[in-house]
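The questions below ask how some labels were assigned in this structure. Each answer sets a value against a definition.

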Amino acid sequence: MNTDKIIVPLDVSSLEDAIALIDQLPQVSFWKVGLELFVSSGPEILTQLKQRQKLIFLDLKFHDIPNTVAGACRSAAKYGVDLITIHATAGKVALKAAQNAIIEGANAANQPIPNLIAITLLTSLNYRELAFDLNITLKLPEYALKMALLAQDCGLAGAVCSPQEVEQLRQTCGDDFLLVCPGVRPSWAEKGDQQRSFTPSQALKAGADYLVIGRPITASEDPRAALQRICQEIS
């Protein structure tokens, strides 16, 4: 079972539940630690993942003034994680400060430099919400591309985007720009709160480097079987 392209979120509220899920799916090599688990349990989950030689996506979606996001990124880089997220809407100054701080923090802790990637637009938002709730006049694909290009211009390694925008971003930003896609749902799974989703095969074909697939696996009665079914579909 090849799971190299799949990142599984640890969307649980306790360290014990997270470790149980990790041990239930030993074949998963890349795990996402988000706000809920990190706030409830702190960095111990990162230690547990590193002890198991797993790749770590620290998805805290930093969004603040430049000095604050720089400090957060400098600290996060010391954990030895592989991916860290920041909202592109933090702006150019903050993005550049965060990228510089990632390098400083990793070097100070003698850790590999994590890839800092920018959130273009949350996959829970749709065209109507972008226009009417956020008052952004750009069409959604154009807005996502603009955020990705901003991140690339600031020296970030890549972006997070929905699979529906990934083909355009890949064509414009090039092959070396890392594209991570949440909002990926197998045809047999419920979409939930994901507004702009593709199947795993569609997302990879469009140009995604990694697929973040959570509830179709973790909320399944048999997570291992669900993961195997997804791997078979994309093999």
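Q: Why is T68 called partly exposed?
A: The relative accessible area of T68 is 37%. Buried means under 20%, exposed means over 50%, and partly exposed lies in between, with a 1.4 Å probe and protein chains only. T68 therefore counts as partly exposed.

Q: Where is T68 found?
A: T68 is in helix α4 (residues 66-77). Helices (H or I, at least four residues) and strands (E, at least two) are DSSP runs, numbered from the N terminus.

Q: What are the model and the numbering based on?
A: This is a predicted model, in which local features need pLDDT of at least 70 and side-chain atom pairs count only at pLDDT 80 or more, while totals for chains, interfaces and linings use all residues. Residues are numbered from 1 along each chain as its sequence is written, and side-chain values use heavy atoms, with hydrogens and water left out.

Q: Why are C73 and C173 called buried?
A: C73 has 0% relative accessibility and so counts as buried. C173 has 8%, so C173 counts as buried too.

Q: What makes K61 partly exposed?
A: K61 has a relative accessible area of 26%, so the label is partly exposed. K61 belongs to strand β3 (residues 55-62). The "active site" label on K61 comes from an unreviewed UniProt entry; such annotations may be inferred rather than shown by experiment.

Q: Which residues is K61 in contact with, leaving aside its neighbours within four places in sequence?
A: They are T85, I86, H87, I119 and L122; contact means heavy atoms within 4.5 Å.

Q: Which residues have the most contacts inside the largest nonpolar core?
A: L10, W31, V33, I45 and L58, in a core of 70 residues. A nonpolar core is a set of buried Ala, Val, Leu, Ile, Met, Phe, Trp, Tyr and Cys residues joined through side-chain atoms within 4.5 Å. Helix α7 (residues 140-153) gives the largest share of this core, seven residues. Apart from it lies another core of ten residues, including F30 and L83.
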